[in-house]
Amino acid sequence: MPKRGRAARPGLTLIEVLVALFILATGLLAALVAQQEYLRQFGDLQEQSEAAELARGLMAELLAAPDGGFPQKRGDVPGRAGWTWTQSARPYPTFADQKTYLLEAAVYGRSASGEEACLARLQTLRLMGGAAAAGKAEP
């Protein structure tokens, strides 16, 4: 006796299509999350690079100042809301009788939580005046 019922047809069932769509959507969502994280990190790197360039310029200004004529400054970065910069010079203790200063240039910005965070900081020592500072030997 022949069996009654549906004959097998080629194609996909509704469940198979839904499972395939779920897998595709999960993969696309993971790719979107990864891309957003990449863009956030890229933006952070751009900010750090810009802050480092600004700090280099501030340090160059400090190094170009005449002996002892260091500007002690603080200001806002134009075009960057929430960013500030500082320049400072303070005496640095040494064993010699030479005047040595610690020069610092720093750039600060606001973190996502609203706290001030250092984006870039440069420090160097500078010897002031005298024969030893100029690289000359005393007789």
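In the predicted model, alanine 89 stands opposite leucine 103 of strand S3. Strands S2 and S3 are antiparallel and are joined by eight bridges. On strand S1, which spans residues 73-76, the pairing with S2 is also antiparallel and comprises four bridges. Within that pairing, arginine 74 has threonine 86 of S2 as its bridge partner. Strand S2 is mostly covered, with six of its eight residues buried.

Leucine 103 also belongs to the largest nonpolar core, a set of 17 residues in which Phe70, Leu103 and Val107 have the most contacts. At least two residues of this core are supplied by each of helix H1 (14-64), strand S2 (84-91), strand S3 (99-110) and strand S4 (116-128). The largest share, five residues, comes from H1.

Confidence in the prediction was considered for the protein and for one segment. The mean pLDDT of the protein is 83, and 82% of its residues reach 70 or more. Over residues 131-139, pLDDT stays under 50. For this segment, residues 131-139, the model has six contacts beyond four places in sequence.

Notes:
Residues numbered from 1 in each chain as written. Predicted model: local features only at pLDDT ≥ 70, side-chain atom pairs only at ≥ 80, totals over all residues. Heavy atoms only, no water. Core = buried A, V, L, I, M, F, W, Y, C linked by side-chain atoms within 4.5 Å. Buried < 20%, exposed > 50% of the residue type's maximum accessible area, 1.4 Å probe, protein only. pLDDT = per-residue confidence, 0-100. Contact = heavy atoms within 4.5 Å. Pairing = 2+ DSSP bridges.
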